[in-house]
Amino acid sequence: MDLQQALECVNLVPMFKSLPEDQKTEVAKLVVQHKYPKDTIIYLAGDTVGHFMIVEAGQVKISQVAANGKEQLLKVLQPGDFDGESALFNGNQRNVTATALVDSNVCQIDQGAFQKLLQRSPQLSVSLLATMSQQINNLQEEKTLSTTSDMAGKLARYLLETGAALDQNPFKLPLKKKDIATYLGTTPETISRTFKQLSKQGFIEASGSKVKIIDEDGLGMLV
């Protein structure tokens, strides 16, 4: 991938976005793009993952196997989301599995190459420490905003992001509704009621796993 596209990936990550332009450019030179077709496993629980991952396009599911042997959805990475910050600094095994929910483009930064860059540029290390400290300070505020958002707004955001990731309308939901409920932190019953609410209000048409966004602007106002 060319340097400009790599910089666009780097700018998606808060940890890198506030760096001086010359330092961002050095990080961008390490970026490698990978394309993963739908249902491709990017890494498995137990793998030693020595890279940082930024979702450029598509959706990536992060999951783990529960004690009862069933898959448990932890989160869905949308374009601009990232995973594996710790992989830049250590080679620990992951206890989760990453799977492409739809055809996805992922930018990756190799741990070894990144650590060599830090050794060459102490100022970059200082800048990263400062930005990571600020991120920690912002976590509590983000958590508060998340818990106060109502379910209609959360589901509206998910549907808009999924439609954009698939670049389709109507589209088939990549996740089962029970998994959407887990992802959004609610129950399947609440998700079903919220789908019916959005349909009744004329924002969407929903039938089984098929969804059509009727009023994108109106849906966006709920977010």
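Strand 4 (residues 60-65) and strand 5 (71-77) pair in the antiparallel sense over 6 bridges, where strands are DSSP runs of E of at least two residues and helices are DSSP runs of H or I of at least four residues, each numbered from the N terminus, and where two strands count as paired if DSSP finds at least two bridges between them. The model is predicted, and for this reader local features are reported at pLDDT of at least 70 and side-chain atom pairs at pLDDT 80 or more, whereas totals for chains, interfaces and linings use all residues. Residues are numbered from 1 along each chain as its sequence is written, and side-chain values use heavy atoms, with hydrogens and water left out.

In general, strands of a sheet pair through backbone hydrogen bonds, either parallel or antiparallel.

These pairings belong to an open sheet of 4 strands in the order 2-7-4-5, with antiparallel pairing. Strand 2 and strand 5 are the edge strands, each of which pairs on one side only. Neighbouring strands of this sheet are turned by 30 degrees against each other on average, direction ignored.

Taken as a whole, the protein chain has 9 helices and 11 strands. Buried residues make up 42% of its 223 residues, a residue being buried under 20% relative accessible area, exposed over 50% and partly exposed in between, as computed with a 1.4 Å probe on protein chains only. Of the contacts in the protein chain with a separation of 6 or more, 69% are between residues 24 or more positions apart, contact meaning heavy atoms within 4.5 Å.

One of the buried residues is I54, which has a relative accessible area of 0% and is found in strand 3 (residues 51-57). I54 and V106 are 52 residues apart in sequence, yet their C-alpha atoms are 5.6 Å apart in space. When residues up to four places away in sequence are not counted, I54 touches C9, L12, V13, D81, F82, N105, V106 and C107.

Helix 4 (residues 111-120) has Q111, F114, L117 and L118 as its buried residues. They cover an arc of only 125 degrees around the axis, which puts them on the same side of helix 4; the arc is that of the directions from the helix axis to the C-beta atoms. The face turned away from this buried side carries the exposed residues K116, Q119 and R120.

Helix 7 (residues 177-184) and helix 8 (residues 188-200) pack at an angle of about 100 degrees, with their axes 8 Å apart. The axes are lines fitted to C-alpha atoms, for helices over the stretch in contact, and angles run from 0 to 180 degrees between N-to-C directions. Helix 7 is therefore roughly perpendicular to helix 8, given that 65 to 115 degrees counts as roughly perpendicular, under 35 as roughly parallel, over 145 as roughly antiparallel and the rest as oblique. The contact is made by K177, K178, I180, A181 and L184 of helix 7 together with P188, I191 and F195 of helix 8. These residues divide into 6 nonpolar, no polar and 2 charged, where Ala, Val, Leu, Ile, Met, Phe, Trp, Tyr, Cys and Pro count as nonpolar, Asp, Glu, Lys and Arg as charged, and the others, Gly among them, as polar.

Some backbone features of the loops complete the description. The peptide bond from N169 to P170 is cis, with omega near 10 degrees, and P170 is placed in the loop between helix 6 (151-166) and strand 9 (171-172). D167 also has its place in the loop between helix 6 and strand 9; its phi is near 55 degrees, a positive value in a residue other than glycine, and D167 is exposed, with a relative accessible area of 70%. D39, in the loop between strand 1 (31-36) and strand 2 (41-43), has a phi near 75 degrees, which is likewise positive in a residue other than glycine, and D39 is exposed with a relative accessible area of 54%.
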